[in-house]
Structures are given as C-alpha cells and as structure tokens.
Amino acid sequence: MKRNNSLRRRVGWWLLPPLVVLLSINAYLSYRAALEVVNRAYDRSLTASISAIGERTHSQNGNISVDIPYAAFEFFQSGAHERIFYRVTDPSGRSITGYPDLPVPTALPDDGRVAIIDAVYHGDAVRVAALRKRLYDPALGAQDSVLIAFAETLDSRTALAREMLFDSLRRELLLVGLGVVLLLLALSSAFRPLLSLRDRVRERSEEDLTPVPQQDVPSEVRPLIDAINHHVDRISAMLQARKRFLADAAHQIRTPLAVLGTQAEYGLRQDDPAEMRRTFAGLIHSIGSAQRLANQMLALSHAEAINGLILERDAVDLEALVRDVALELSPLAVRKGVDLGFETSGAAATVDGNASMLHEMVSNLIDNAIRYTPADGHVTAQISRENCGAGEEVLIRVRDDGPGIAPAERERVFQRFYRILGQGDSEGSGLGLPIVREICSAHGGRIALRDGPQGKGLEVEVHLPARSQAEDLAPTR
Ligand SMILES: Nc1ncnc2c1ncn2[C@@H]1O[C@H](COP(=O)(O)OP(=O)(O)O)[C@@H](O)[C@H]1O
Ligand SMILES: [Mg+2]
C-alpha cells in the first residue's frame, strides 16, 4: 500500500468523509423537522374541516343527519392533487356516510377534542383526523355520540417538506463549498513559506553548508530545520576534518618519499657492491615505514569515517581480543627483550562493537608500549570490569616502565602526525594514538594517559561501556 504523504490529501481525508456523514445526519434531521412544521400547519386545516363537519351533524328523534359543508373541502383547494376521505359512523358503529373502511384512531377522547394519526388507506399514506361528537338526542339513549373522521393524502405535505429540505441543503452545500475554498486557500498560504524555503535551499551553492535561516519559517517546521541544520553541521565538521587530514597526509607522505629518492640516488652512485647492498637495506627499511604510514592513514580515515555510525556491531570479548593481540606482538617484544605480560580479573569483558577496529586499537597501544620501552623493560596488558556509576565498563590498561609521556604532551600525542622526537623508535607515523582515540570514541568510550606504577613509564587506560548481562545471554549473530 502506498503511504499517503501529502498533507493536503491527509487534511482532505480527515475533513471530507466526516463532513459528508455529518451533512447526511443533518439532512435527515432537517427533513424530520420540516415535516413536523408542515404537519402542524396542515393539521390545523384538517382540524378546521372536521370541526365544520361536526357542527353540521345533528340528530332528531334518533335520525342522524350529516351535512358535509363545502367549506370542509375548501381548505384543500390549494393542494389540488390531494385526495380527501371522510367517514361518519353512528353510535353502533354503522357507517352513515363516506368511506366506511377509513381507519380511525383506536382510543378517541370523549370530550370533543380532535385526535390525529398517520395511517395507510388503500395503499396511500394518509393523515386521519377524528372526533367523537355527542348529539344529546334522548332518542339515542346513553350512546349518543357519532364518530367523524376526515383524511387526506400526504403528497403536498411531503412535497413542501422536501422543498424546505432542498432549500436548506442548497444553503449548506454553498457554505461547505465556501468552506472548502477557504480551506484550500488557507492550506496553500500555510505551505507558501515551505515552498519559498525549498526554493532558497535549492538555490544554494554546492559548497554552502551554513545553517538554513530560521526566520520566515513556521514555528511547526522549525524543529525540522533545527534537525537538518544539526545534521549539516556534522557533515560540515566531517568535511573539514577530511580536508585537514588530506592536507596533513599529503604533507607527511612527502618526507618518506624524499628520503626514498635520496637513498635511491645515493645507491645509484655507488660502485662498491657492499655499499650498494647497504643502501638497498636502508631503502627497504624506508619503504617499510612508508607502508606503515600508509596503513595507519588508511586505518585512521576508516575510523574517522565511521565514527558515530559503526554499522556492524557485535558482541566482542575483549579478554580474548587483548590476549590475541599480545600473542601477535610477542615476537616484537622478544626481539626487543621486553617482558610482555597479560592480566585479567576474570570478569565478563564483553562490549558491543566492531572486532577488527577494537583489534586495531589494542594493537596500537601494545605496539607503542613495546616500541618505546627500552630493553629489559616490562609491558603489561590488563583487562577488568568496573561499575562507574553510569553503568558497567570494561577497562583495558596497557602499562609500561619506559620513558612515559610528560603531562604537557599527553593531549598533543593525540594529534595526527605528532611524535615526540628523540624517543627511540624512528619508524612511527604519529597516527597510532589518534586512531586509538577515534576508535574508542566511536564505541562510546574514553581514554586516559597517566604515569605508570611507581611514577615510571606510561599507563594508558581505555574505558568502554560493557554489554549488559541481559544482552550477553541473548544469542548473538
Ligand atoms: N608507551 C609510550 N611510552 C612513551 N611514549 C609513547 C608511548 N606511546 C606513545 N608515545 C609517544 O607518543 C607519540 C605518538 O604515538 P603514536 O600516535 O602511536 O605515533 P607513533 O607511535 O607512530 O609515533 C609517539 O611518537 C611517542 O613519542
Ligand atoms: Mg604508535
């Protein structure tokens, strides 16, 4: 089914069908009311006719005489199509004159009042007025009253009521029509600011990421504009970061390329094969670090791109992950003569996240610790779980007893390509810690640098929100 997304159409659907129903109900009630009014007016003639007949009905010595006056019919002259029926019955129920089978009201008052009913006579709907008139003729004994009934068909009544109904319907339809026109005008005037907003947004240049102005926008739409502006802000920040990154990266890649060029030229000028071989070794080493740089840049750009919107999230067991990374990097530690250890508190250390990115993060931390710690140093990767008030957290601590990072530098090492010079390893790119921070914040975590135990070395502490126990129990993909 197609979703109905036009506001105009939605307003129409909400208004028109109920309006039609209301109009129908109103038409029915109007017709009933009109019929009542018409009946009241016509019944007066009926009553007058029957009274006129009553006045001309007498009895003498038991002989009842009825004289139907012309006046009785006169009232109906206007409704020339109307048919008239009457009936006069003597006390014993015998018909004296008129139509003996004309239906009459069953319970008639004895006090000379006229009773009126609706009835059907020979297939015609009729209105019957009836009256019981006492004749005061001693010869008739106790039963001295005659029944006089007078009836007419309803054609002119219904015609009049219908005319009144159509009259009021015409007026109503006119009003509804006017209302619809006004509604359409109101809707189009309500939408005009939106259309002009659309035009203004359309006319913007491609590079224009400034917020859409809020003035002249209906207050109902302002939250939407707010949300869009917020979104554009984020995109704009992302684009800025991209641009900066690209500029930084281009700048950074120039240095290793220059080094490579110089080394190659130097090698070309050598005649001594031994010297040439040494140059080649240096060349390979330089290519290695250029490769590392390229990989790191790729990792960082990947981490930045998905920051805030990691699509593939899974339950990741950090204990196993940290253990794996430590194992992978142990050859590096062995080569450097650094003692690499792993400690765990044994608590569940599952987080919701992207395993390969978390692997990249932990790998960078342990790699740094090994690289910047001199031979005979110690590196420990530790995993534990804590409750930090806001909820359960999994903590990764990587600790070493190397040179550490001076407090003044602890913020700066998170900047791209920032390296503390003169510190052992020359292969770095300065992108490791920015990658760590990006991945950490993409997982809703935070990171802290502090002195190692006994004030020596560095301790990096990463807090990540733990996956709740309930989620842990639920089967994961
Ligand atoms: N465990 C550590 N001990 C001492 N210094 C460190 C440590 N980790 C990082 N640093 C310093 O922070 C700088 C930035 O680290 P990083 O972003 O990983 O880049 P890279 O390792 O490529 O130089 C490093 O150059 C180094 O000087
Ligand atoms: Mg590093």
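**The ligand and its cavity**

Modeller: Ligand 1 sits in the largest cavity. Keep in mind that this is a predicted model.

Biologist: What makes you say that ligand 1 "sits in" the largest cavity?

Modeller: The word applies if more than half of a molecule's atoms lie within 2 Å of the cavity's grid points. Ligand 1 is assigned to the largest cavity, so it passes that test.

Biologist: And why is this called a cavity and not a pocket?

Modeller: In a cavity a 1.4 Å probe fits but cannot get out, whereas a pocket is an open set. The count comes to 1 cavity of 30 Å³ or more, and the space in the largest cavity is about 420 Å³, so it belongs in that count.

Biologist: Which residues line it?

Modeller: There are 30 in the lining, and those nearest the centre are Asn368, Tyr372, Ile405, Gln423 and Leu433. Helix α7 (355-372) is among the elements giving two or more residues, along with α5 (273-306), β12 (392-400), α8 (432-442) and β14 (458-465). The top contributor is α7, with 6 residues. By class, the lining has 15 nonpolar, 11 polar and 4 charged residues.

Biologist: How do you know which residues surround ligand 1?

Modeller: A residue is near if one of its heavy atoms lies within 4 Å. By that rule 19 residues surround ligand 1, with Tyr372, Arg419, Gln423, Ser429 and Leu433 the closest. This shell splits into 10 nonpolar, 7 polar and 2 charged residues.

Biologist: What makes Asp400 a polar contact of ligand 1?

Modeller: The cut-off is a pair of N or O atoms within 3.5 Å. An N or O atom in the Asp400 side chain is 2.9 Å from a nitrogen atom of ligand 1, so the pair qualifies. Backbone atoms do it too: an N or O of Ser429 lies 2.7 Å from an oxygen atom of ligand 1, and a polar backbone atom of Gly430 is 2.8 Å from an oxygen atom of the ligand.

Biologist: How much of ligand 1 does the protein bury?

Modeller: Taken alone, ligand 1 exposes 520 Å², and the protein buries 98% of that. In the shell around it, α7 and α8 are the elements that give two or more residues.

Notes
Residues are numbered from 1 along each chain as its sequence is written. Chains are lettered from A and ligands numbered from 1 in the order in which they are written. This is a predicted model: local features need pLDDT of at least 70, side-chain atom pairs count only at pLDDT 80 or more; totals for chains, interfaces and linings use all residues. Side-chain values use heavy atoms; hydrogens and water are left out. On a 1 Å grid over the protein atoms alone, a cavity is a set of points where a 1.4 Å probe fits but cannot get out, and a pocket is an open set with protein on both sides within 12 Å along at least five of seven lines; lining residues have an atom within 4 Å of a point. Helices (H or I, at least four residues) and strands (E, at least two) are DSSP runs, numbered from the N terminus. Ala, Val, Leu, Ile, Met, Phe, Trp, Tyr, Cys and Pro count as nonpolar, Asp, Glu, Lys and Arg as charged, and the others, Gly among them, as polar. A polar contact is a pair of N or O atoms within 3.5 Å; within protein, one must be able to donate a hydrogen and the other to accept it, and residues adjacent in sequence count only if both atoms are side-chain atoms. Accessible areas come from the Shrake-Rupley method with a 1.4 Å probe; for residues, only the protein chains shown count as cover.
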